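Here is a short note for a colleague opening this structure for the first time. It goes point by point and can be read beside the model.

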Amino acid sequence: MKAIVVLALFVAVAFCQNGMKYAKRAESLVGRSRGEYVCNQVNNWVLFGKKDTSYQGRYMLADQYLNVGQRIPDAQRQPGDVIVGLNGAHCGMIASDKSIIHSSSSKYRVVKVPFSQAQWVFPAGWHIKRVKGTV
């Protein structure tokens, strides 16, 4: 039993370290043009190292993030988790427990906004997904 608890703790710490790495990668894109990085390309680049190639070698559109990874309750979100609209029209990256990074169509650039604005960024609602990246 102790071995299972230790393994679970190790996995949680490993994801937290990767999550922080993903959040830093996302932060590096803030200010870039939406012409260069649309929403799914932000996530693809952060998680998989290429904006046009990603999960298991497939190109990932925003709606496809609904079908990969593990769904996480909002209260358990961590840096590096994906946030995706329930309608599949938009996605972004959790930068911290208080902020989201996404490619804004109104500002025409990659922006970092407070998580409290998620209701306007994703008006149809959202899911938080924990997706295992490859970088």
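1. Two strands are said to pair if DSSP finds at least two bridges between them. Strands themselves are DSSP runs of at least two residues, numbered from the N terminus. With that in hand, strand 3 and strand 4 are joined by a hairpin with 2 residues in the link. The model is a predicted one.

2. Strand 3 covers residues 91-96, and its pairing with strand 4 is antiparallel, with 3 bridges. Across this pairing, Ser-96 faces Ser-99 of strand 4.

3. On its other pairing, strand 4 runs antiparallel to strand 5 and is joined to it by 6 bridges. Ile-100 has Val-113 of strand 5 as its bridge partner, and Ile-101 has Lys-112. The hairpin of strand 4 and strand 5 has 4 residues between the strands, and Tyr-108 in that hairpin has a positive phi, near 55 degrees.

4. Is strand 4 enclosed by the rest of the structure or left open? A residue is called buried when its relative accessible area is under 20%. Strand 4, residues 99-104, has 6 of its 6 residues buried, and therefore it is largely enclosed by the rest of the structure.

5. Helix 2, residues 39-48, is also mostly covered, with 9 of 10 residues buried. Among the buried residues are Cys-39, Val-42, Val-46, Leu-47 and Phe-48, and the polar side chains of Asn-40, Gln-41, Asn-43 and Asn-44 are on the buried list too. After helix 2 comes Gly-49, with a positive phi near 85 degrees.

6. How many aromatic pairs are there? The count is 1. Phe-115 is in the loop between strand 5 (109-114) and helix 3 (118-121), while Trp-126 is in strand 6 (residues 126-130), so the pair ties together parts that are 11 residues apart in sequence.

7. The two partners fall into separate accessibility classes. Phe-115 has 11% relative accessibility and counts as buried.

8. Two charged side chains sit over rings. Arg-25 is placed over the face of Trp-45, 3.9 Å from the ring centre. Lys-51 has its charged end over the ring of Tyr-37, at 4.7 Å from the centre.

9. Which residues line the second largest pocket? Its volume is about 160 Å³. The lining consists of His-90, His-102, Ser-104, Ser-105, Ser-106, Lys-107, Val-111, Val-113, Gln-117, Trp-120 and Val-121. Strand 4, strand 5 and helix 3 are the elements that each give two or more residues to this lining. By class, the lining of this pocket has 4 nonpolar, 6 polar and 1 charged residues. Val-113, in this lining, is also the bridge partner of Ile-100.

How values were computed. Residues numbered from 1 in each chain as written. Predicted model: local features only at pLDDT ≥ 70, side-chain atom pairs only at ≥ 80, totals over all residues. Heavy atoms only, no water. Phe/Tyr/Trp six-rings, centres within 6.5 Å; stacked < 30°, edge-to-face > 60°. Buried < 20%, exposed > 50% of the residue type's maximum accessible area, 1.4 Å probe, protein only. Lys NZ or Arg CZ within 6 Å of the ring centre and 35° of its normal. 1 Å grid on protein atoms, 1.4 Å probe; cavity = no way out; pocket = protein on both sides within 12 Å on 5 of 7 lines; lining within 4 Å. Points joined across faces, edges and corners; volume = space filled by probe spheres on them.
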